[in-house]
Amino acid sequence: MSFLPGSTGGRPRYIGYCLREAWWRQGIMTEALKAVMEFFFDVVGANRIESRHDPRNPHSGMVMKKCKMKYEGTMRSSDRNNQGICDACWYALLKADRLHEE
């Protein structure tokens, strides 16, 4: 898991993650992402947390959905991964969204 920190001025926190295939579909990444998001909202004071995935990897998007992140759109040819240039599906969760769900 990696983080691109925003400033304390309300800039979004970006979270990226990857997991070795042997550990897929066990709920590990969902649990880890939920814990990190909770830390950023409750301890750091983040207002927005965002992440993205290659649409050819829908399971990564499922992790974001399980963490209550909202789909915000797909940017074409906007990212790069081990397969080259790719589209990016963006998800985010706002502190206000989280508060309304509790």
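Helices (H or I, at least four residues) and strands (E, at least two residues) are DSSP runs, numbered from the N terminus. The views below show a predicted model, in which local features need pLDDT of at least 70 and side-chain atom pairs count only at pLDDT 80 or more, while totals for chains, interfaces and linings use all residues. Residues are numbered from 1 along each chain as its sequence is written, and side-chain values use heavy atoms, with hydrogens and water left out.

**View 1. K34 in helix 1.** K34 has its place in helix 1, which spans residues 28–44. With a relative accessibility of 43%, K34 counts as partly exposed, a class that lies between buried (under 20% relative accessible area) and exposed (over 50%), as found with a 1.4 Å probe and protein chains only. Leaving aside residues up to four places away in sequence, K34 touches K66 and C67, where contact means heavy atoms within 4.5 Å. Between the C-alpha atoms of K34 and V44, which are 10 residues apart along the chain, the separation is 15 Å.

**View 2. The hairpin of strands 4 and 5.** Strand 4 (residues 70–81) pairs with strand 5 (residues 84–94) in the antiparallel sense over eight bridges, pairing being assigned if DSSP finds at least two bridges between two strands. The two strands form a hairpin, with two residues between them. For T74, the bridge partner in strand 5 is C89.

**View 3. Strand 3 and its parallel partner.** Strand 3 (residues 48–53) is mostly covered, with five of its six residues buried. Strand 2 (residues 13–16) pairs with strand 3 in the parallel sense over two bridges, and Y14 stands opposite E50 in strand 3.

**View 4. The setting of the close-ups within the protein.** From the N terminus on, the elements run β-β-α-β-α-β-β-α. The radius of gyration of the protein is 14 Å, close to the 13 Å that the globule rule gives for 102 residues, so the protein is as compact as a globular protein of that length; the radius is taken over C-alpha atoms, and the rule is 2.2 Å times the number of residues to the power 0.38. Of the 102 residues, 36% count as buried. Among the contacts with a separation of 6 or more, 57% are accounted for by residues 24 or more positions apart. The C-alpha atoms fill a box of roughly 35 × 30 × 20 Å, taken along the principal axes.
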